[in-house]
Amino acid sequence: MELGIGMFGDLRYDHQTKTYQSPAEKLKELVEQVQLADEIGIDVFSMGEHHREDYAVSSPEIILAALATVTKNITLGSGVTVLSSTDPVKVFQNFATVDLLSNQRAEIMAGRGSFIESFPLFGYDLQDYNSLFEEKLELLVHLNQNEVINWEGKHRAPIVNQTVYPRPERQLPIWIAVGGTPESVLRAARLGLPIIFAIIGGSPKQFKPLIDFYKENYVKFGHDVKNMQVGVHAHTFVADSQQEVLGNYFPYYATQMDRIGKDRGWMPYSKMQFEAGMTAEGALFMGDHHQVAEKMIQTIEMFGLTRFIAHIDVGGPSHKEMMKAIELYGTKVLPEVRKAVE
């Protein structure tokens, strides 16, 4: 069982000055936060990719490379690499480099991306959203499994008798991140790749049929059940009490939800929604350490998970609040969860 944290590098927004936090300041804070996570025994760190003014990280590999030099044990992965709008060869080279730097602690979490800013930025047509991901994922897997590459597809020039350098000293772990479409789940099962479900709304139990679908098809496609890995990525925040989360963290969270929702036609995010999300049936893993641990245990046991990633920086809480949340998660929540599920 792996228990980790994830971040997107959200920049704090100052409502008085109407400006975002400096990305330079945020990146320095992020490094210190992951150093703490490593020191207290958190298993995995996942770094997201975005191309917007409200996020500090457009290239997870660069951040992971920096973290590789200041951490010792924590697994360093993307969360996610938007594979559809990048070159799988370059992705493979970058993560091979991080893996060599980190003594084999790197991994790729590939996804289609729920944000679409990278498509026009890098010259891709959104009409090719699905075919881009499928083709590029197959190329990435091929690169990982073969030293000499011969490959041809629709969206890029063929590769003929090429070897990609540097070579990692092992096959890189590649996870598939999905939001909830059966086609994505089936693809991961067919390829025999680990899968992680992003649960950011509704009720976690709604994902049970999809997780069962993955497990059934993983075996049906002939993969060894001993190698099956299933994870969940969910919005999480730990404080001394639920009231502290409601009073101090809710404004950060609501601001970011409203910012994203404005682009997607959502209604303004309310405290009632937030409180509903923190109930036993909701998708928010927030509150004091007992509440968060209890909900994690329930979810892990319901799905038979091998990994849980707590996404903890939505809205850009202050550095002090982030450090406290990480410490509570690593020293209070994780021992309770590990005792119950391992």
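# Salt bridges, strands and a helix in a predicted model

The count of salt bridges comes to 17.

**Salt bridges**

- Side chains of opposite charge can pair when their charged atoms come close.
- Arg12 and Glu29 are joined through their side chains in a salt bridge, with an N to O distance of 3.4 Å; because Arg12 lies in the loop between E1 and strand E2 (13–14) while Glu29 belongs to helix H1, the pair ties together parts that are 17 residues apart in sequence.
- Arg12 and Glu29 are both buried.
- A salt bridge also connects the side chains of Arg190 and Glu138, at 3.8 Å from N to O, and this pair links distant parts of the chain, with Arg190 in helix H6 and Glu138 in helix H5 (residues 129–145), 52 residues apart.
- Arg190 has a relative accessible area of 33% and is therefore partly exposed, and Glu138, at 36% relative accessibility, likewise counts as partly exposed.
- Lys208 and Asp212 form a salt bridge of 3.0 Å, N to O, between their side chains; because they are 4 residues apart in helix H7 (residues 208–220), about one helical turn separates them.
- An α-helix has 3.6 residues a turn, so residues three or four places apart point the same way.
- Lys208 is partly exposed, at a relative accessible area of 29%, as is Asp212, for which the value is 26%.
- A network of salt bridges links Arg52, Asp54, Glu117 and Asp263.

- Strand E14, which spans residues 307–311, is mostly covered, with 5 of its 5 residues buried.
- The cover extends to both faces of E14, where Arg307, Ile309 and His311 are buried on one side and Phe308 and Ala310 are buried on the other.
- Strand E1 (residues 2–7) pairs with E14 in the parallel sense over 5 bridges, and within this pairing Gly6 has His311 of E14 as its bridge partner.
- Strand E12 (residues 230–238) also runs parallel to E14 and is joined to it by 5 bridges, with Gly231 standing opposite Arg307 in E14.

**Strand E11 and its partners**

- Strand E11 (residues 195–199) is largely enclosed by the rest of the structure, because 4 of its 5 residues are buried.
- Strand E10 (residues 174–178) pairs with E11 in the parallel sense over 3 bridges, and Ile176 stands opposite Ile195 in E11.
- Between E10 and E11 the chain passes through helix H6 (residues 182–191), and this β-α-β crossover is right-handed.
- E11 is also joined to E12 by 5 bridges, the two strands running parallel, and Ala198 has His233 in E12 as its bridge partner.

**Helix H2**

- In helix H2 (residues 60–68) the buried residues are Pro60, Glu61, Ile63, Leu64, Leu67 and Ala68.
- Viewed down the axis of H2, these buried residues fall within an arc of 160°, and therefore they line one face of the helix.
- The elements against which the buried residues of H2 pack are helix H1 (23–39), strand E4 (44–47), strand E5 (75–78) and helix H3 (88–101).

Notes:
Residues numbered from 1 in each chain as written. Predicted model: local features only at pLDDT ≥ 70, side-chain atom pairs only at ≥ 80, totals over all residues. Heavy atoms only, no water. Buried < 20%, exposed > 50% of the residue type's maximum accessible area, 1.4 Å probe, protein only. Pairing = 2+ DSSP bridges. Right-handed = clockwise from strand over helix to strand, strands pointing away. Arc of directions from axis to C-beta. Contact = heavy atoms within 4.5 Å. Salt bridge = Lys/Arg side-chain N within 4 Å of Asp/Glu carboxyl O.
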